[in-house]
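Open the model in your viewer and keep the selection tool ready. We will go from stop to stop.

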Amino acid sequence: MTDGNFTIGGPSRRDILLLAGGVALASATGLPASAQEAAKKGGILKVAAPANPSSLDPATGGSGADHSLLWTIYDTLVEWDYETLKPKPGLAKWSYPDPKTMVLDIEKGVKFHDGTDLVAEAVKFNLERNRQDERSNIKADLTSVAAVDVTGPLQVTLRLKNPDTALPAILSDRAGMMASPANLKTLGADTNRKPVGAGPWKFVSWADNESVVVTRNDSYWRPGRPYLDGIEFAIIPESATALRSVTSGEKDMAFSLPARLKPVIDRSKQLRMIAAPTLYCVQLYFNYARAPLDNVKVRQAINFALDRDGFVKATMGGLGEAATMTLPSTHWAYDKSVSTLYPHDPDRARKLLAEAGFKDGIEITMGGYNDQDSVQRSEVLQAQLGQGGIRLKFTRGTIPEISAQFFATEKKFDALLSAWTGRPDPSMTYALGFDKGAYYNAGRECDPELSKLIQQSRESENLTERAAVFARIQRFVMENALSAPIAFQYELDALAQKAEGYKADLLGKPKFENMSLG
Amino acid sequence: MLRSSKGHVIVRRLIQAVPVIVLATFIVFALLKLVPGDIAVTLAGDNASDARVAEIRHLYGLDRPFLVQYGAWLWKVLHGDLSTSLLSSEAVLTSIARCFPHTLLIVVLAMVMALAVGIPLGVAAASREGSWLDDAIMTVASLGVAVPNFWLGMLLVALFALDLNWLPATGAVPLGESVGGALSHAILPACALAAGGVAEVTRQLRSSLVEILSSQQVRTLHAKGLSPSAILWRHGLKNVSVNLLTVISLLFNRLLAATVVVEAVFAIPGMGSLIVNAAIHRDFPVVQGVVFAMVLIVVALNLVTDILYNVLDPRIA
């Protein structure tokens with residue numbers, strides 16, 4: 001429990017079978033897995049992955065589900081602490097000599113998989129490409145960068161347009177994944193399927209909707225790593241099938257499973273379950289630029305009508321955390337004082353509606369998705385808000401379809417039941433979701449005070465100072481009820497007993513770097 | 001005579017196939033464009049601004065007029081290029097070449113099972129019409145039609161893969177890699193798929209056979225002193241062969257479509273998974289490519305059926 005994860009499981013039937021055959025030497029000691037010797041080297045980990053990657057080029061991809069695959073091939077300039085997402089050095093150490101200058105000192109002796117050196121020139125090439133190439137999807141992450149200068153063989157200096165202390169966290173994500181410039185130059189516009197990075201594993205093959213295979217990088221810069229000789233990802237979008245592939249012993253692990261499969265994992269003795277909080281927040285997006293949600297009282301009424309704990313129980317089998325703001329309680333910038341703003345109070349909701357001029361309740365049009373979990377969520381939501389006098393008129397469709405109708409130019413629906421997948425730095429979450437003109441701010445309007453606070457949150461390098469600014473942002477967003485966060489989803493993983501060393505992370509995008517096969 | 005009429009059938013069918021292919025791909029293309037949702041939004045990624053989405057649309061030529069986009073696709077196809085996936089950049093032909101064998105294997109296996117079980121059952125039921133055996137077979141056949149194949153699939157997995165550990169629960173192995181592996185992976189999905197087929201073959205065969213067996217011709221054969229089994233196997237089955245062929249070709253087409261669900265249950269990276277994933281994201285080059293391939297397959301299949309009709313019964317020209 002100390003690491004924020006809890007693990008459930010017992011001796012597996014397979015272990016016993018293996019014992020009978022005299023094969024399972026490691027588990028023959030009878031000790032639990034954690035008490036055995038340090039991680040064993042070798043072996044191929046077989047993993048069921050939930051989605052086909054959109055691209056294996058970090059700059060051109062677009063799906064949050066890509067990261068788990070990308071992280072095997074690419075190391076990032078900055079990394080984070082698994083439990084709190086506090087940034088820490090990766091391929092580089094960073095410093096801010098002044099608020100508008102960021103210096104990156106690159107680790108010595110790192111090589112890309114093609115044998116070329118990961119030096120200052122390569123980092124500059126990657127950052128310039130990420131912020132300027134027409135195919136780059138992450139230009140918006142690096143808008144604060146004015147210039148990238150090579151100031152030493154292993155030193156890069158970023159000149160900033162404005163202070164931006166979100167950059168360390170940004171460089172722990174796609175923008176900080178270093179790809180071989182030599183390879184990118186050869187490939188031209190055809191970079192999606194032939195990745196060369198400097199990560200623990202090298203790319204072998206990718207067959208759409210079928211598999212991604214990576215193999216050990218023998219010249220990896222971290223001594224003794226990685227433990228695994230390789231990873232074979234089988235792409236299995238149907239989560240129940242993915243879990244079956246682990247139950248049957250064909251795969252060693254399935255990740256990012258929906259909470260409804262928890263009872264199935266519990267029943268299976270040969271599986272270990274890992275469940276841990278993530279930034280993934282099920283929430284209601286509001287279009288507050290127009291009636292009726294331009295009225296703060298209506299938005300507050302919705303927040304009071306929500307029974308968040310009930311929602312976690314009903315839709316997540318208890319595997320979740322009630323969300324009172326856009327950050328979960330374990331995050332470094334979480335502010336406890338905001339969490340008490342909206343207790344479950346349907347009467348208060350009705351009163352607020354009456355004050356807003358809706359004595360007989362109000363009807364709200366809402367977009368939602370048509371997959372099994374989303375439909376269930378929408379039904380629970382409908383029941384809860386109904387008690388507060390808020391009647392929901394749902395339109396359901398596929399995720400891209402409904403999201404585009406709400407966020408893009410059509411501006412259908414007053415609200416959207418969706419989720420925020422989280423970002424490495426909280427300032428990105430607020431900038432992308434609430435700032436003026438932001439895509440995930442359907443109404444595109446923003447109070448200048450909030451805009452200023454978002455900017456301010458990127459000015460200090462000190463995390464305590466930044467946390468104080470985020471506390472003000474969270475209070476502003478929640479007091480004005482600019483959204484209705486409902487619940488944080490847990491990362492739910494099923495592992496075979498022999499798959500060891502895995503730890504879930506708060507970003508909810510699993511890394512396999514510490515894993516080994518016992 | 002036979003030869004020239006056969007040639008005639010082939011040529012006529014091939015000519016007919018061209019407008020079918022164009023029409024099918026055009027309608028699918030139009031549907032993809034008409035329904036809401038935009039691949040540019042998916043391509044632009046998680047953080048996309050309106051401007052970025054517009055930029056993507058331009059970059060991938062998605063802002064061109066509808067007919068121009070379709071024309072461009074068709075033009076490429078005429079030059080033997082099925083283009084590449086907008087999402088993942090994999091060549092559509094590569095995807096199809098990899099996925100189709102998986103689908104074909106389970107469809108063919110299901111077909112073989114449906115015939116291997118359905119024909120004896122149908123014959124048994126017809127030759128003892130009205131008996132308890134007939135009733136029992138027909139009840140089982142009705143169940144076979146009624147049971148959803150994804151549900152049957154999950155039951156099969158629970159029993160044969162998870163409990164007994166006899167067969168793999170998920171995935172597929174190419175035949176070229178390992179014949180045993182490919183078959184062991186294909187057996188359960190093929191069983192799930194075959195259940196409906198068994199029922200259909202049984203019922204169709206029984207009703208045609210019952211009709212034949214009660215005909216004047218069969219009475220004459222009885223009068224001639226032929227044994228009942230000779231009548232059944234030599235004359236009865238020969239007469240229902242045309243009907244059976246119709247059932248087989250319809251069944252084959254239906255099984256090709258039914259694999260979509262079974263592939264999802266068994267995590268088989270076949271044509272079904274390919275087109276579903278592409279359709280959800282409006283990845284139209286892939287959808288178009290799969291539709292194109294499927295239409296070709298169905299047209300070819302119908303052509304073969306027509307030729308076989310001609311062989312089995314020369315009166316059908």
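**Stop one: a patch on the surface**

Select helix 7 of chain B, which gives the most to a nonpolar patch, with four residues. Keep in mind that this is a predicted model.

To see the whole patch, select B:Phe150, B:Trp151, B:Met154, B:Leu155, B:Val260, B:Val261, B:Val276 and B:Ile280. Together they have about 630 Å² of accessible area.

Click on B:Ile280, in helix 11 of chain B. Its relative accessibility is 36%, so B:Ile280 counts as partly exposed.

**Stop two: the cores**

Next, go inside. The largest nonpolar core has 129 residues. Among those with the most contacts inside it are A:Leu77, A:Leu167 and B:Ile96. Helix 8 (residues 179–213) of chain B gives the most to this core, with 14 residues.

Zoom in on A:Leu167. Beyond its neighbours within four places in sequence, it is in contact with residues including A:Tyr96, A:Met102, A:Asp141 and A:Leu158.

A second, separate core has 110 residues. Select A:Tyr82, A:Leu85, A:Tyr288 and A:Phe512 to find part of it.

**Stop three: an enclosed helix**

Select helix 8 (residues 296–305) of chain A. Eight of its ten residues are buried, so this helix is largely enclosed by the rest of the structure. The buried residues include A:Arg299, A:Asn303 and A:Phe304.

Methods:
Residues are numbered from 1 along each chain as its sequence is written. Chains are lettered from A and ligands numbered from 1 in the order in which they are written. This is a predicted model: local features need pLDDT of at least 70, side-chain atom pairs count only at pLDDT 80 or more; totals for chains, interfaces and linings use all residues. Side-chain values use heavy atoms; hydrogens and water are left out. A nonpolar core is a set of buried Ala, Val, Leu, Ile, Met, Phe, Trp, Tyr and Cys residues joined through side-chain atoms within 4.5 Å. Buried means under 20% relative accessible area, exposed over 50%, partly exposed in between (1.4 Å probe, protein chains only). Helices (H or I, at least four residues) and strands (E, at least two) are DSSP runs, numbered from the N terminus. Contact means heavy atoms within 4.5 Å. Patches are made of residues with over 30% relative accessible area and no salt bridge: like charges are joined within 9 Å, nonpolar side chains (Val, Leu, Ile, Met, Phe, Trp, Tyr) within 5 Å. Accessible areas come from the Shrake-Rupley method with a 1.4 Å probe; for residues, only the protein chains shown count as cover. A salt bridge is a side-chain nitrogen of Lys or Arg within 4 Å of a carboxyl oxygen of Asp or Glu.
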